[in-house]
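Student: I would like to go through this model term by term. Please set each value against its cut-off.

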Amino acid sequence: MEGFMTTKAKKLSVFLALMAAPWGGVATVGLAGRATRPGQRNVNSVQERDAAYRDGFFWGELDAQHGRKLQPSVARWNSDKDRASFRVGYEKGYKSALNSKSAPQRQ
């Protein structure tokens, strides 16, 4: 009886693997469509993968959205490199939020 269960389980495993295989190709094709095209913003730039930059961008946007003046708090980061990266991200986030406020809203 044990041999029968093992054979049945193997057949079920093979069947499920064969049924799932085409979905792997679909996922791969879907991800390939997300590749950066010429002229499109490269989301995976080194700067945007930097934690200090992203943190600065976030706080810059938030300050602009709440009407606070441009005043980056670089003391949040220890190294000079991280402080500089935070400042750049903060200024870009701040300007981005201001630009999105002034852009005409679509309905």
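**Values against definitions**

Student: How many salt bridges are there by the rule?

Tutor: The count comes to four salt bridges. The rule asks for a side-chain nitrogen of Lys or Arg within 4 Å of a carboxyl oxygen of Asp or Glu. This is a predicted model: local features need pLDDT of at least 70, side-chain atom pairs count only at pLDDT 80 or more, and totals for chains, interfaces and linings use all residues. Residues are numbered from 1 along each chain as its sequence is written, and side-chain values use heavy atoms, with hydrogens and water left out.

Student: What makes Asp55 and Arg76 a salt bridge?

Tutor: Their closest N and O atoms are 3.0 Å apart. The cut-off is 4 Å, so the pair qualifies. Asp55 lies in helix H2 and Arg76 in the loop between H2 and H3, so the pair ties together parts that are 21 residues apart in sequence. Side chains of opposite charge can pair when their charged atoms come close.

Student: Why is Asp55 called buried?

Tutor: Its relative accessible area is 16%. Buried means under 20%, exposed over 50%, and partly exposed in between (1.4 Å probe, protein chains only). Asp55 is therefore buried. Arg76, at 44%, counts as partly exposed.

Student: What does Asp55 touch, leaving aside neighbours within four places in sequence?

Tutor: Asp55 is in contact with Arg76, Trp77 and Phe86. Contact means heavy atoms within 4.5 Å.

Student: How do you know that Asp63 and Arg68 form a salt bridge?

Tutor: The closest N and O atoms of Asp63 and Arg68 are 2.9 Å apart. That falls within the 4 Å limit, so the pair counts. Asp63 is buried at 11%. Arg68 is partly exposed at 39%.

Student: What makes Arg83 and Asp80 a salt bridge?

Tutor: The closest N and O atoms here are 3.2 Å apart, so this pair also meets the rule. Arg83 and Asp80 are three residues apart in helix H3, separated by about one helical turn. Arg83, at 29%, counts as partly exposed. Asp80, at 62%, counts as exposed.

Student: What is the secondary structure of the protein?

Tutor: Three helices and zero strands. The elements run α-α-α from the N terminus on. Helices (H or I, at least four residues) and strands (E, at least two) are DSSP runs, numbered from the N terminus.

Student: Which residues of H2 are buried?

Tutor: Ala52, Tyr53, Asp55, Gly56, Gly60, Asp63 and Ala64 are the buried residues of H2. They cover an arc of only 160° around the axis, which puts them on the same side of H2. The arc is that of the directions from the helix axis to the C-beta atoms. What covers these residues includes H3.

Student: Which residues of H3 are buried?

Tutor: Asp82, Ser85, Phe86, Gly89, Tyr90, Gly93, Tyr94 and Ala97. They pack against helix H2 (51-65).

Student: Why is Gly93 called buried?

Tutor: Gly93 has a relative accessible area of 0%, so it falls in the buried class. Leaving aside neighbours within four places in sequence, Gly93 is in contact with Phe57, Gly60 and Glu61. Its C-alpha atom is 9.6 Å from that of Asp55, 38 residues apart along the chain.

Student: Where is confidence lowest, and where highest?

Tutor: Lowest in helix H1 (residues 2-32), at a mean of 62, and highest in H2, at 94. Over residues 36-40 the pLDDT is below 50, and beyond near neighbours in sequence this stretch has three contacts in the model. The score is the predictor's confidence in each residue, from 0 to 100. The protein averages 75, and 61% of the residues score at least 70.
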